[in-house]
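Me: I would like to go through a model with you. Could you take my questions one at a time?
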Number of protein chains: 2
Amino acid sequence: MAKVVNISQCFEKFNDTYSPKIIGELNGQYVLVVKCEEDKVPWHTHENEDEMFYVIEGILDIFEKRKKITLHAGEFYIVYRGTEHRVVPQGHVKLVLFEPTEISHTGSVKTEITKSEFERLDV
Amino acid sequence: MAKVVNISQCFEKFNDTYSPKIIGELNGQYVLVVKCEEDKVPWHTHENEDEMFYVIEGILDIFEKRKKITLHAGEFYIVYRGTEHRVVPQGHVKLVLFEPTEISHTGSVKTEITKSEFERLDV
């Protein structure tokens with residue numbers, strides 16, 4: 001998978017939301033792209049994994065129990081392991097995620113958006 | 001270090017080249033920003049670490065022994081562990097790196113650009 005990956009072009013290759021696609025893998029971490037729309041992510045916690053949210057387009061609110069973070073294009077934020085959180089897009093959002101390959105993306109909480117594994121995008 | 005980080009703004013905070021600055025840390029990996037100019041990076045290999053190069057501005061050539069990769073803004077490439085490589089910027093380049101915290105950035109090769117540790121940028 002040693003390829004040049006154009007991040008913006010990755011988003012032209014799929015339309016489903018809340019379905020992270022693998023575009024890179026290194027050191028036990030995935031690089032993922034995901035489209036988000038509507039308030040669908042439940043409160044959840046990753047006990048052993050830090051998770052990085054990097055906004056490519058749009059505005060993303062991240063809620064921790066005592067904190068609201070708002071991310072614009074070109075900004076990232078790391079939710080550290082053990083921190084209960086949820087994300088709410090303002091409109092349509094294109095995101096890059098960095099997280100360990102063994103992560104469950106909604107933690108131990110299962111909802112309609114929960115995926116048991118991520119699809120690999122043909123980059 | 002749970003902060004909103006604007007990647008472009010990070011590059012306004014320093015001017016030295018080939019001196020990666022830490023702007024994030026997660027799961028044993030650093031998120032680094034670095035400015036590159038001129039052909040200064042020796043051929044080197046990371047035996048146990050994959051390294052991701054993500055171009056924010058400019059054009060970067062990455063050479064592996066039998067391959068030349070050219071990255072433009074918005075593109076990334078992963079050099080896998082054990083792969084001898086060097087990078088050559090075309091003019092001035094702003095880069096994001098993702099790599100394990102224990103990496104030596106020029107492998108076992110020491111030159112004028114080699115740093116024993118990375119500085120943390122006040123983001």
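Me: Let us start with the contact. How many residues does it take from chain A and from chain B?
Reply: The contact takes 23 residues from chain A and 23 residues from chain B, where two residues are in contact if their C-beta atoms, placed from the backbone, lie within 7 Å. This is a predicted model, in which local features need pLDDT of at least 70 and side-chain atom pairs count only at pLDDT 80 or more, while totals for chains, interfaces and linings use all residues. Residues are numbered from 1 along each chain as its sequence is written, and chains are lettered from A and ligands numbered from 1 in the order in which they are written.

Me: Why do the copies meet through the same surface?
Reply: Because 100% of the interface residues of chain A are also interface residues in chain B.

Me: What rotation superposes chain A on chain B?
Reply: A rotation of 180 degrees, with 0.0 Å of shift along its axis, gives an RMSD of 0.0 Å. The two copies are thus related as by a two-fold rotation axis. The superposition is by least squares on the C-alpha atoms of residues with pLDDT of at least 70 in both copies.

Me: Which strand of chain B is joined to S1(A)?
Reply: Strand S6 (residues 75–79) of chain B is joined to S1(A) by two bridges, and the two run antiparallel. A:Val5 stands opposite B:Phe76 there. Two strands pair if DSSP finds at least two bridges between them.

Me: Within chain A, what does S7(A) join?
Reply: Nine bridges link S7(A) to strand S3 (residues 29–37), antiparallel, with A:Gln29 opposite A:Pro100. Another 11 bridges link S7(A) to strand S4 (residues 51–64), also antiparallel, and A:Ile59 has A:Gln90 as its bridge partner.

Me: Switching to the whole chain: how many helices and strands are there in chain A?
Reply: Chain A has one helix and eight strands, in the order β-α-β-β-β-β-β-β-β from the N terminus on.

Me: What are the spans of its C-alpha trace?
Reply: Along its principal axes, the C-alpha trace of chain A spans about 40 × 30 × 25 Å. Buried residues make up 38% of its 123 residues; a residue is buried if 20 or more other C-beta atoms lie within 10 Å of its own, exposed if 12 or fewer, and partly exposed in between, with C-beta atoms placed from the backbone.

Me: Which phi does A:Glu38 have, positive or negative?
Reply: A:Glu38 has a positive phi of about 75 degrees although it is not a glycine. Most residues other than glycine have a negative phi. A:Glu38 lies in the loop between S3 and S4 of chain A and is exposed, with 12 other C-beta atoms within 10 Å.

Me: And B:Asn27, is that buried or exposed?
Reply: B:Asn27 counts as buried, with 21 C-beta neighbours inside 10 Å. Its phi is positive too, about 50 degrees, and its place is in the loop between strand S2 (21–26) and strand S3 (29–37) of chain B.

Definitions and conventions
Helix = DSSP H or I, 4+ residues; strand = E, 2+ residues; numbered from the N terminus.
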